[in-house]
Amino acid sequence: MTTTLTRRSLLAAVAFTTVLGVGLAACGDDDDDGGAASGGTAEVTVTDPWARTSPMDAKTGAIYMTLEASEADTLTGASVDMSVAMEAQIHETKDVDGEMKMSEVGKIELPAGEAVDLKPGGYHIMLMGLKSPLEEGQTVKVTLTFDKAGEKVVDAAVRSS
Amino acid sequence: MRRTRLFVALATLLLSTSALTACGDDGHDYHGIQRDSPLEVVDYSLPEVTGGGTGGAFPFKAAPGTLLAVYFGYTTCPDLCPTTMTDLKQAKEDLGADGSKVRVAMASVDPDRDAPAVLSNYLSSFFPAGEYHALRTDDETELATVMDAFLASATIEPHEPGDTDYLVSHTGTTYVIDENGTVVLEWPFGVKAEAMADDFRALFGELLSP
């Protein structure tokens with residue numbers, strides 16, 4: 001119980017800091033087109049980010065996308081605004097002994113030049129503690145943190161599939 | 001006990017793979033699995049809580065003139081369950097007027113968090129009234145017995161009492177049942193809506209009189 005709470009508050013703190021961080025960065029470097037925090041050439045292309053519409057009463061959601069890194073990189077974190085959900089975690093669903101088992105993996109390795117799918121039944125960003133249902137037509141701002149490419153903010157379109 | 005179940009699952013998977021190869025002969029190539037010896041689940045039932053009540057026993061067989069798709073899931077499941085429910089919803093819509101011949105039953109593998117009304121509301125956000133069945137029991141043994149009959153299983157992540165943030169591993173299969181309670185087709189997780197609709201059309205032709 002304590003562990004969960006601590007981890008949750010830590011994550012919430014990180015998410016909050018992330019939001020602050022983005023805000024700060026936006027003030028400082030007008031000329032920079034949001035590129036790598038490290039100043040290197042590492043770039044991650046994010047294709048078709050989307051979030052599934054959530055059924056009424058549902059407290060959880062999932063965000064999917066395809067990631068392709070120009071050089072080997074790692075997705076180390078994801079966050080959404082606290083007005084959307086309490087917490088975002090990087091998860092993977094895997095078939096373990098005939099049961100589909102979901103677990104928090106914390107990071108996703110991105111080999112250079114290889115598209116990695118976050119898709120139903122595989123990697124996904126799990127939203128916990130949704131504040132309100134995700135409805136078709138909305139977008140959810142997701143801040144992705146990469147080891148080398150730094151932070152990237154994408155708009156995930158909400159749709160049913 | 002668990003190892004035995006795993007072994008049975010593996011054995012049946014091997015069997016069903018050969019069944020899959022065999023089903024090319026009769027015209028339709030099913031996207032799901034048809035076992036040589038289909039599972040028979042007519043003798044099993046779970047309490048129906050559609051609408052939030054504590055209804056009577058719901059036997060695992062389709063109403064006359066319909067097919068029943070059965071899924072074991074839970075409402076706080078972020079990935080698999082809504083994916084499958086969305087595919088089933090889309091498949092029903094793809095079938096047009098015949099879509100109402102497909103009924104969906106979801107049995108909760110997480111009754112602690114899935115109160116009757118929660119489960120029923122969840123299904124109502126995917127399917128029209130009268131076309132879904134919310135199934136739920138507090139009796140672990142009753143649920144396990146039913147899941148065994150489907151060769152399905154679920155494991156709730158260990159958590160402290162009162163902690164509501166936990167995950168549940170579960171079989172991702174959707175089972176299609178006819179009015180005799182025979183499992184005529186099994187879709188592993190990942191079969192898309194179009195493929196489901198395609199298989200439903202073939203099953204209508206095979207099993208339901210026009």
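Visitor: What is the area buried between chain B and chain A?

Guide: In this predicted model, about 2300 Å² is buried between chain B and chain A, and carbon and sulfur atoms give 59% of that area. B:Pro78, B:Asp79 and B:Leu167 supply 24% of the area that chain B buries against chain A, more than any other three residues.

Visitor: Why is an area quoted for an interface?

Guide: The size of an interface is often given as the accessible area lost when the parts come together.

Visitor: How many residues does each chain bring to the contact?

Guide: Chain B brings 31 residues and chain A brings 30 residues. A residue is in contact if heavy atoms lie within 4.5 Å.

Visitor: How many salt bridges and how many polar contacts are counted between chain B and chain A?

Guide: The count of salt bridges is zero. A salt bridge would need a side-chain nitrogen of Lys or Arg within 4 Å of a carboxyl oxygen of Asp or Glu, so no pair between chain B and chain A is counted as one. Polar contact is found for ten residue pairs, both residues at pLDDT 80 or more. On the side of chain B that touches chain A, the elements giving two or more residues are helix H1 (2–22), H2, helix H3 (116–124), strand E6 (154–156) and strand E7 (168–170) of chain B.

Visitor: Why is A:Ala69 called buried?

Guide: A:Ala69 has a relative accessible area of 1%. Buried means under 20%, so A:Ala69 qualifies. A:Ala69 is found in strand E2 (residues 60–69) of chain A. Leaving aside residues up to four places away in sequence, A:Ala69 touches A:Glu43, A:Val44, A:Leu110, A:Pro111, A:Ala112 and A:Gly113.

Visitor: What makes strand E3 (residues 67–73) of chain B mostly covered?

Guide: Seven of its seven residues are buried. On one side of E3(B) these are B:Leu67, B:Ala69, B:Tyr71 and B:Gly73, and on the other B:Leu68, B:Val70 and B:Phe72.

Visitor: How do you know that E3(B) pairs with strand E4 (residues 102–108) of chain B?

Guide: Pairing requires at least two bridges. E3(B) and E4(B) have seven, in the parallel sense, so the two strands count as paired. B:Leu67 stands opposite B:Val102 in E4(B). From E3(B) the chain crosses through helix H2 (residues 80–94) of chain B to E4(B), a right-handed β-α-β crossover.

Visitor: In which sense does E3(B) pair with strand E8 (residues 174–177) of chain B?

Guide: E3(B) and E8(B) pair in the antiparallel sense, over four bridges. The bridge partner of B:Tyr71 in E8(B) is B:Thr174.

Notes:
Residues numbered from 1 in each chain as written. Chains lettered and ligands numbered in written order. Predicted model: local features only at pLDDT ≥ 70, side-chain atom pairs only at ≥ 80, totals over all residues. Heavy atoms only, no water. Buried < 20%, exposed > 50% of the residue type's maximum accessible area, 1.4 Å probe, protein only. Right-handed = clockwise from strand over helix to strand, strands pointing away. Buried area = accessible area lost by both parts, 1.4 Å probe. Polar contact = N/O pair within 3.5 Å; in protein donor to acceptor, adjacent residues only side chain to side chain.
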